[in-house]
Amino acid sequence: MSWLKGFFNSSIGRKFIMALTGLFLILFLTEHMIANLLLILPDNGVIYNQYSHFMVTFPLIRVVEILLFASIIFHIIYALVLTYRNRQARPVKYAVRKPGENSSWVSRNMGFLGLILFIFLAIHLAGFFAKARITHDLGMVTINGVEMHDVYSLVKAKFEIWWFDLIYIIGFIALGAHLWHGFYSSFRTLGLRHPKYLPLFKGIGIFISVIIPLGFAVVPIYFLINSLS
Amino acid sequence: MKITLKVWRQESPEEKGRFDTFKLDHIDSHMSFLEMFDVLNQQLIEEGKRPVEFDHDCREGICGMCSMYINGRPHGAQSGTTTCQLHMRHFKDGDTIVVEPWRARPFPVIKDLVVDRSPFDRIIAAGGYVSVNTGSPQDANSILVKKSDSDAAFDAASCIGCGACVAACKNASAMLFVSAKIEHLSRLPQGKTERVRRAVNMVRQMDMEGFGNCTNTGACEVECPKGIKIKNIHKMNAEFFRAVWVSSEEVEA
């Protein structure tokens with residue numbers, strides 16, 4: 001199995017891990033964003049709470065959740081390893097640099113954007129995931145005779161705080177910038193070079209990097225505006 | 001033209017370097033950048049000082065020897081040219097120009113602006129060739145090559161191995177160079193027979209030399225004096241996956 005070890009220790013193999021985990025996370029984000037839109041239905045959270053209950057009780061979702069956390073961990077670990085090796089490759093820096101003349105800011109700052117997203121993720125998981133899944137520090141509600149967590153009320157209470165919304169908006173902007181380069185870049189890392197399909201994937205990348213953060217941003221903005229009126 | 005030059009000076013790979021400032025008062029705008037350095041060196045020799053060491057050979061933009069990082073850009077701001085084909089008319093009278101050597105761990109400074117680019121030679125030796133048995137040549141028309149393949153191979157073959165891609169890349173990655181060599185040979189029927197060994201061995205050698213990893217910023221293709229495209233890197237990725245995951249051929253470590 002030395003070929004397998006050789007692959008995952010190679011530069012291209014490491015990039016392959018970054019691309020695959022990144023794309024899986026984008027798939028998750030798409031699902032997460034669409035499901036979040038259930039929060040703005042005018043039903044006081046009945047459908048959203050039922051959806052949340054389904055997600056924590058359906059066994060297949062448990063398996064996918066493990067895959068999701070593994071992807072996040074591997075994406076971070078490999079990012080650190082690759083960044084460390086890239087820094088090592090240029091121990092003496094140039095005195096004069098004009099990187100803006102040959103590449104985009106986003107493409108050069110994926111690590112920085114990743115750091116912002118990591119901080120955001122920590123705040124996000126502490127605010128929702130930890131309460132709903134670990135400490136069970138939230139109210140209960142009974143819908144159609146089934147007792148379940150009232151996630152809707154937790155979300156509503158959190159998003160009525162303006163500075164909490166601000167953190168989320170900053171996080172979504174960082175996410176959009178990260179995806180702008182990340183989606184297209186991962187397909188190129190995976191070896192896609194077809195002259196007909198590559199521009200298509202560039203277009204899809206731009207589309208999702210706008211639509212996913214916008215879709216996410218709708219929810220905090222909705223709750224904030226509702227609390228004001 | 002009056003030019004102020006800030007040039008990296010370093011006595012040996014071990015010693016610390018510094019910038020030296022030179023003022024040149026009689027620079028002709030038709031001179032190439034290297035000719036400007038010739039004038040500077042003549043002046044230094046006459047003053048009894050050590051001239052600035054720099055790499056150069058053909059001065060026609062095809063050998064890949066010249067390698068100066070000029071005002072924050074490899075081979076200067078002029079696109080599609082090597083340093084020897086960069087002319088002083090692209091600068092303004094009174095400009096201050098900062099000249100540095102390529103910066104990458106695998107390319108240590110030998111002296112001043114001269115760096116050791118032998119890692120590229122070792123990468124080529126690892127698989128950037130076609131094994132040909134001796135004997136009389138066969139008729140050229142007996143091996144059919146599609147025009148599109150021949151064009152793509154030729155485009156990749158125009159890489160002169162100067163290392164500007166490494167110098168430009170924020171990660172000091174050599175993937176544009178390596179991918180150009182792989183694409184050049186693996187596109188053609190003569191090179192296809194060794195494509196698995198080539199992809200595995202060249203990528204392995206590239207990693208062993210300590211170059212960084214591609215993050216698809218695209219800086220390399222902007223700075224490449226020969227217009228080598230970043231799509232070669234994506235092709236190399238596919239070629240490497242094919243060699244590792246698909247091919248039954250085993251390449252010894």
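The points below take the interface between the chains, then a few single residues.

1. Please keep in mind that this is a predicted model. On the contact between the chains, 37 residues of chain B meet 37 residues of chain A. On the chain B side, strand E5 (96–100), helix H7 (195–209), helix H8 (219–223) and helix H9 (231–246) each bring at least two residues. The top contributor there is H9(B), with eight residues.

2. Two asparagines in chain B deserve a look at their backbone. B:Asn71 has phi near 50°, a positive value in a residue other than glycine. This asparagine sits in the loop that links strand E3 (69–70) to strand E4 (73–74) of chain B. B:Asn71 counts as partly exposed because 19 other C-beta atoms lie within 10 Å, while the cut-off for buried is 20 or more.

3. The other asparagine is B:Asn216, whose phi is near 55°, again positive in a residue other than glycine. Its place is the loop between H7 and H8 of chain B. Is B:Asn216 buried or exposed? B:Asn216 is buried, because 23 other C-beta atoms fall within 10 Å.

4. Over in chain A, A:Ile119 belongs to helix H6 (residues 110–134). With 14 other C-beta atoms within 10 Å, A:Ile119 is partly exposed. The C-alpha atoms of A:Ile119 and A:Gly171 are 8.7 Å apart, although 52 residues separate the two along the chain.

Technical notes:
Residues are numbered from 1 along each chain as its sequence is written. Chains are lettered from A and ligands numbered from 1 in the order in which they are written. This is a predicted model: local features need pLDDT of at least 70, side-chain atom pairs count only at pLDDT 80 or more; totals for chains, interfaces and linings use all residues. Helices (H or I, at least four residues) and strands (E, at least two) are DSSP runs, numbered from the N terminus. A residue is buried if 20 or more other C-beta atoms lie within 10 Å of its own, exposed if 12 or fewer, and partly exposed in between; C-beta atoms are placed from the backbone. Two residues are in contact if their C-beta atoms, placed from the backbone, lie within 7 Å.
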